[in-house]
Amino acid sequence: MVLMALLTVVVGLMGGNGMRLANSGLKTVYEDRVVPLGQLLEVQIRRLAIRATVNALIADPLPGHIQSGLGEIDADVAAINKSWTAYMASNLTPEEQQLAKGFVAARAEYAQIAIIPIVKDLRASNIDAARQILVEKNL
């Protein structure tokens, strides 16, 4: 009887240890894969929101509309920067690091040739110039 009780305790301890190891592995998967995926999703959603806002502002360039839209763009850029910084601080694989470098370069180029000039033109109420950039860059 004592042997059976001891065997039950040992099996229970082994099961508890196995569950602890499984939970630790799942925590790592969550922190290293799921959280960064959410950060990338936030970047993508905000980038699309910027494009939609730019298109809306050019389509309907009322002064109040432009000011609120530019505020939305500023908030989206800040959110992208925050999410991207958090993503880059996560545990990235070598392949993810290479892809991230490519994204940083593409994002900087996109900002320089399109978003920054369009926002500058919108702030100056130069809607035609903003529209021309939008058309020329096929945004």
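How many residues apart are W84 and Y87 in helix 2? Select both in this predicted model: they are three residues apart in helix 2, which spans residues 63–88, so about one helical turn separates them. Display the two rings. W84 and Y87 make a tilted aromatic pair, with 5.2 Å from centre to centre and 35° between the planes. Next, colour by accessibility. W84 has a relative accessible area of 10% and is buried; Y87, at 6% relative accessibility, is buried as well.

W84 belongs to helix 2 and F103 to helix 3, so the contact ties together parts that are 19 residues apart in sequence. Show the three side chains at once: W84, Y87 and F103 form one aromatic cluster. The count of aromatic pairs in the model is two.

The charged end of R47 sits over the ring of Y110, at 5.4 Å from the ring centre.

The last stop is S125. Find S125 in the loop that runs between helix 3 (94–123) and helix 4 (127–136). Is S125 buried or exposed? Its relative accessible area is 55%, so S125 counts as exposed. Inspect the backbone here too: phi of S125 is near 60°, a positive value in a residue that is not glycine. Most residues other than glycine have a negative phi.

Key. Residues numbered from 1 in each chain as written. Predicted model: local features only at pLDDT ≥ 70, side-chain atom pairs only at ≥ 80, totals over all residues. Heavy atoms only, no water. Helix = DSSP H or I, 4+ residues; strand = E, 2+ residues; numbered from the N terminus. Buried < 20%, exposed > 50% of the residue type's maximum accessible area, 1.4 Å probe, protein only. Phe/Tyr/Trp six-rings, centres within 6.5 Å; stacked < 30°, edge-to-face > 60°. Lys NZ or Arg CZ within 6 Å of the ring centre and 35° of its normal.
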